[in-house]
2 protein chains.
Amino acid sequence: MSIRIGIMGYGNLGRGIECAVKQNDDLELAAVFTRREPSTVSVMTEGVSVCSVNDIESWKDKIDVLILCGGSATDLPEQTPKYAKLFNVIDSFDTHARIPEHFANVDAAAKESGHIGIISVGWDPGMFSLNRMYANAILPDGKDYTFWGKGVSQGHSDAIRRIEGVKNAKQYTIPVDSALEQVRAGKNPELTTRQKHTRECFVVLEDGADAAKVEEEIKTMPNYFADYDTTVHFISEEELLRDHSGIPHGGFVIRTGKTGWNGENNHVIEYSLKLDSNPEFTSSVLVAYARAAYKMSKEGQTGCKTVFDVAPAYLSALDGAELRKNLL
Amino acid sequence: MSIRIGIMGYGNLGRGIECAVKQNDDLELAAVFTRREPSTVSVMTEGVSVCSVNDIESWKDKIDVLILCGGSATDLPEQTPKYAKLFNVIDSFDTHARIPEHFANVDAAAKESGHIGIISVGWDPGMFSLNRMYANAILPDGKDYTFWGKGVSQGHSDAIRRIEGVKNAKQYTIPVDSALEQVRAGKNPELTTRQKHTRECFVVLEDGADAAKVEEEIKTMPNYFADYDTTVHFISEEELLRDHSGIPHGGFVIRTGKTGWNGENNHVIEYSLKLDSNPEFTSSVLVAYARAAYKMSKEGQTGCKTVFDVAPAYLSALDGAELRKNLL
C-alpha cells in the first residue's frame, strides 16, 4: 500500500510536492487542501480532490503525512502545531530565530496526539544544515562557510518591488568566486558580507519613474542591499518575463579543518547544490522526509524532529539490505 | 564523564584515532591494543597504556567503544564480530562484496551480547555512501557519479612494488577534469573507466632494473592499470621520500536529476572531499561514529548499524537544542 500524502496550500511549493510524489512509486497524493474556494483550484494529478481546509478533519484517517506548504511568517507557526494534532506533518519553516519556539509548539502537539512532526525541511534549513552538522562532528577544529547562489531571492525581489516607481523586479544573489576559491584553498579567510556575495537586480520601471532615484534607493536599502556590491539593470517587462521567469538557486557549504597531533594536516569538505527550481528541489526534500515521518510514526515514534534526528535510511524507499548492497 | 575509547591496532589509522580523540573534549583514550609486544609500541598520549590484545577481556568494563583499525582482508572479518561480544565496536570495513556477510556476523554477535557495532565507517564507504543515499532519496529520477582523487591508492602502489626491479613506488588516482565538468553541467555522460580517471606512478628502480620493461608491465597490468591512461615517472628514492611521503586523497560524489511534471528542471548535488591525510580523515569520521555508538548503546539499542542507520545528531557533542540553534 502506498503512503498517502496530503498537501496543504497549492502554490509553487505545493505544485512541487505534487510533481515529487509522482516520481516516487511508494507514495500517492490523497488530497490537496486550500484556503481558496476549491472549485477555483485545479491540480495536475488525475482523480485527486481539491478540498477546503475547513473539511480537513474528515481526512484524519485517509492521509498518512500532511505536507504544509505555507509561509514561515504567519502560516506555519499556526498550522504546523494545529495539524500535528490530526496528522503526521512536515514543514519547511525557515525563520531561524523562531525555530526553538516552533519546535516546542510542534513537539507538544505531536506528542499529545501521538504523531510525528518534522520541521525546517528543505535545503537551507535542511540539507545545508545536515552538511554543516556532519562536517562539524568530523572536523571539530575547523571553520564553516556558507555561500548562496547563484539564485533568485524572493525576499530581495519583493523589497525592490515595494519601491515607488518599480513595476516588477527580480534579484539574484551571486557568490564571489575569488572568495570561494580562497576558502577551498584552505586559507580560512575572514570574509565580510560584501566579500562573500554580490547582488544583481533586474528592474521594470513604471511609466515615468525616475531610474536614477530607484537605483539609489535599491543600493542604499539597509539590510537588503547597503552592505553588498549591487548592480541594477533596467529592462522591459517582456525581457523580465522572457529571461528571468525561472526560480533557480543553490549554494555551497564548506568546512575546512585540521587533523594530526599538531594540526598539521588540512581537509576541505564541500557540499553544493545547483538547482533549476528552488521550490521543486525543496519539495523533493520534503517528500523524502514525508516517507521518513511515515516510517518513524509506524515504529511508534512521536514528537517534533528535525533533519538532525532522522536516520538517513528512513528517507529511502529501499530497505536496509538493498541500501547496504547498492549505496554503501 | 568522558566516553572511553579503545584502539585496536596502532598503524596509520590507529594513530589517526589517537589524534582525533585529542580534538574532542568529551572523549578520552583508555587503551591501545596491539598484537605486537606492547613494550615495543609507544603512543603519543601521556598516561595511556599499550596492552597486548591477549589481555583485552580485562578491559570489558573500562572501555565504552573499541575502534578496530585493522585491514578489511583478514583482520576485520574476524575481529569485529569477536570484539562485539565484549564491547561496542566500530570498523572501516571496505570490501564491498562482503558487507552483507560482515553485517550479519556483527549483527548476531552484537545482539547476543547487547552491544552496538557500526561497520564500514569512513569516507568511502562512509560519507560518500551517505551522500549517494541522501541524493538518491531526494532525486529519484537521476544519475550517480563518483570520482576519486587526486589521491594515493595504497592498493595500486603495492601492485607496482610487487613488480620485479621496483624498489619503491607511489600511485596517484586522478579524476579527469573534463569528465567532472560534463557531469556538473548536467550532461549525464556515459563514462568509461578510462574517461573518468587517470593514473600517475612514481617509481624507484632497483639498481640495474630495466625501466622500459617495468613501465610496460605497469601499463598492461590487468584490473589495476590496463583500463586507464597511465603515466610512469622514474625518480630517485630521495625524491620519492621528499615529494611523495603524504597520503592525500579525496573525491567527488555527484548526483544529477530532474524534477517537474515533465522532468523539465535539472539539479546537481555535489559532495567533495580534499584530504591531506586519508587515514586521519577516516579516523575523524570513525571517532564521531564512536560517539554515536556510545549514545545509541546508552539508549538500549543493539546490533549492527551502518552510517545509514545513525541519526546525524548522535555524531555531535552538542545536544538537540544547541544543534537546532547553531547549525539548523
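**Entry 1. Helices on the sheet**

I began with helix H4 (residues 127-138) of chain A, which lies across E7, E12 and strand E13 (265-275) of chain A together with strand E13 (265-275) of chain B. I noted that H4(A) runs at about 5° to E12(A). I then turned to helix H6 (residues 177-184) of chain B, which packs on the sheet and touches E13 of chain A as well as E7, strand E12 (249-259) and E13 of chain B. The direction of H6(B) makes about 30° with that of E12(B). I record here that the model is predicted.

**Entry 2. The sheet itself**

I next traced the strand order. Six strands form an open sheet, in the order E7(A)-E12(A)-E13(A)-E13(B)-E12(B)-E7(B), with antiparallel pairing. Which strands stand at the edges? They are strand E7 (142-148) of chain A and strand E7 (142-148) of chain B; each has a single partner strand, so one side of each is left without a neighbour in the sheet. On average, neighbouring strands of this sheet are turned by 10° against each other, direction ignored. As background, I note that strands of a sheet pair through backbone hydrogen bonds, either parallel or antiparallel.

I then looked up individual pairings. In chain A, E7(A) pairs with strand E12 (residues 249-259) in the antiparallel sense over seven bridges. Asp144(A) stands opposite Arg255(A) in E12(A).

In chain B, E7(B) and E12(B) pair over seven bridges, again in the antiparallel sense. Here I found Phe147(B) opposite Phe252(B) in E12(B). On E13(B), E12(B) has an antiparallel partner joined to it by 11 bridges. The bridge partner of Arg255(B) in E13(B) is Ile269(B). E12(B) and E13(B) form a hairpin with five residues between them. Gly260(B), in the turn, has a positive phi of about 105°. I also checked how far E12(B) is covered: 10 of its 11 residues are buried.

**Entry 3. The contact between the chains**

I looked up the extent of the interface. The contact takes 65 residues from chain A and 66 residues from chain B. Chain A and chain B bury about 6,100 Å² between them, and 63% of this is on carbon and sulfur atoms. Which residues of chain A lose the most area to chain B? I found Trp261(A), Arg324(A) and Leu328(A), which together make up 15% of what that side buries. I then searched for salt bridges across the interface of chain A and chain B, and the rule finds zero.

**Entry 4. Helix H2 of chain B**

I examined helix H2 (residues 75-84) of chain B. Eight of its 10 residues are buried, so H2(B) is largely enclosed by the rest of the structure. Among the buried residues are Leu76(B), Pro77(B), Pro81(B) and Tyr83(B). Asp75(B), Gln79(B) and Thr80(B) are also on the list of buried residues. The buried residues of H2(B) pack against strand E1 (3-8), strand E4 (65-68), strand E5 (88-90) and helix H3 (99-113) of chain B.

**Entry 5. Cysteines**

Cys19(B) is buried, at a relative accessible area of 6%. Cys51(B) also counts as buried, at 10% relative accessibility.

**Entry 6. Backbone exceptions**

Most residues other than glycine have a negative phi, and most peptide bonds are trans.

The peptide bond from Asp124(A) to Pro125(A) is cis, with omega near 5°. I located Pro125(A) in the loop between strand E6 (116-118) and H4 of chain A. In chain B, a cis peptide bond joins Asp124(B) and Pro125(B), with omega of about 5°. Pro125(B) is in the loop between strand E6 (116-118) and helix H4 (127-138) of chain B.

Ser120(A), although not a glycine, has a positive phi of about 60°. Ser120(A) is found in the loop between E6 and H4 of chain A. Is Ser120(A) buried or exposed? At 0% relative accessibility, Ser120(A) counts as buried.

Asn223(A) also has a positive phi, near 65°, in a residue other than glycine. I placed Asn223(A) in the loop between helix H8 (211-219) and strand E11 (229-234) of chain A. Asn223(A) is exposed, with a relative accessible area of 67%.

Key. Residues are numbered from 1 along each chain as its sequence is written. Chains are lettered from A and ligands numbered from 1 in the order in which they are written. This is a predicted model: local features need pLDDT of at least 70, side-chain atom pairs count only at pLDDT 80 or more; totals for chains, interfaces and linings use all residues. Side-chain values use heavy atoms; hydrogens and water are left out. Buried means under 20% relative accessible area, exposed over 50%, partly exposed in between (1.4 Å probe, protein chains only). Two strands pair if DSSP finds at least two bridges between them. Helices (H or I, at least four residues) and strands (E, at least two) are DSSP runs, numbered from the N terminus. Axes are lines fitted to C-alpha atoms, for helices over the stretch in contact, and angles run from 0 to 180 degrees between N-to-C directions. Contact means heavy atoms within 4.5 Å. Buried area is the accessible area (1.4 Å probe) that two parts lose on being put together, summed over both. A salt bridge is a side-chain nitrogen of Lys or Arg within 4 Å of a carboxyl oxygen of Asp or Glu.
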